[in-house]
Amino acid sequence: MSIVELERSELTKPLILAISGASGLIYPVRALKFLLEADYTIDLVASKSTYMVWQAEQDTRMPAEPEQQELFWRKQAGVETPGKLRCHRWGDVGATIASGSFRTQGMIVMPCSMSTAAKISAGLSSDLLERAADVQLKEGKKLILVPRETPFSLVHLRNLTALAETGVTIVPAIPAWYHHPQTIEDLVDFVVARTLDQLDINCIPLKRWQGH
Ligand SMILES: Cc1cc2nc3c(=O)[nH]c(=O)nc-3n(C[C@H](O)[C@H](O)[C@H](O)COP(=O)(O)O)c2cc1C
């Protein structure tokens, strides 16, 4: 690979979008829509529990095969061609994103279940999502969690605190109302945009606060 190609590959490093079994699977769908439209390269992994939550929230089945998943997520996001999307099996701890030598822009876990937060906090790597998060931590890369649970127990708060202490950014799935949301997507997109802000990615036409 030439130096020019190497420099270009640095600029187009993939982003890991991880989905865990918390409520709110519309969040990663909206994130995918905007990221793919903006031509980002995404490595996507969904935990095993996500399949059950998808079924409960959408009344449809989420496919397990990576090739089918790519079509599935593109269809959900309504983005057929731009952006690169690679889907990984939940248990494939031999995937690229399980290695520290795989260069990324960072990783977002959206939504993040309390179970996944606990396992990342404890350093467990029992599936690909947890391993990829563990790798981001050991490599000193950006790791952003979007926790979704209510109310939080003291155990949840302690795990989230421990994660914040290690440099993880916690962006709770809490929308704002000052931008006058009219639709559910407006509320969701606020959370997605504030999450992507943490990686300095600005690809959502969000009405930002302009002052009085
Ligand atoms: C319909 C449904 C909704 C759920 N919502 C949440 C949630 O919002 N937050 C959470 O922490 N767990 C939630 N759970 C429980 C998790 O899915 C469960 O703890 C699971 O083991 C998480 O696994 P994972 O973290 O590997 O994805 C939900 C489960 C179901 C079936």
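Select L17 and L44 to begin: L17 stands opposite L44 in strand β2. Strands and helices here are DSSP runs, numbered from the N terminus, with at least two residues (E) for a strand and at least four (H or I) for a helix. What you have open is a predicted model, where local features need pLDDT of at least 70, side-chain atom pairs count only at pLDDT 80 or more, and totals for chains, interfaces and linings use all residues. Residues are numbered from 1 along each chain as its sequence is written.

Now colour residues 15–19, strand β1, and look across to β2: five bridges join the two, and they run parallel. Strands pair if DSSP finds at least two bridges between them.

Stay on L44 and look for C87 in β3, which L44 stands opposite. Show residues 84–88 to see β3, a strand that runs parallel to β2 and is joined to it by five bridges.

How many of the six residues in β2 are buried? Select 41–46: five are. (Buried means 20 or more other C-beta atoms, placed from the backbone, within 10 Å of the residue's own.)

Together with β1 and β2, α2 makes a right-handed β-α-β unit. Right-handed means that, with the strands pointing away from you, the path from the first strand over the helix to the second runs clockwise.

Methods
A residue is buried if 20 or more other C-beta atoms lie within 10 Å of its own, exposed if 12 or fewer, and partly exposed in between; C-beta atoms are placed from the backbone.
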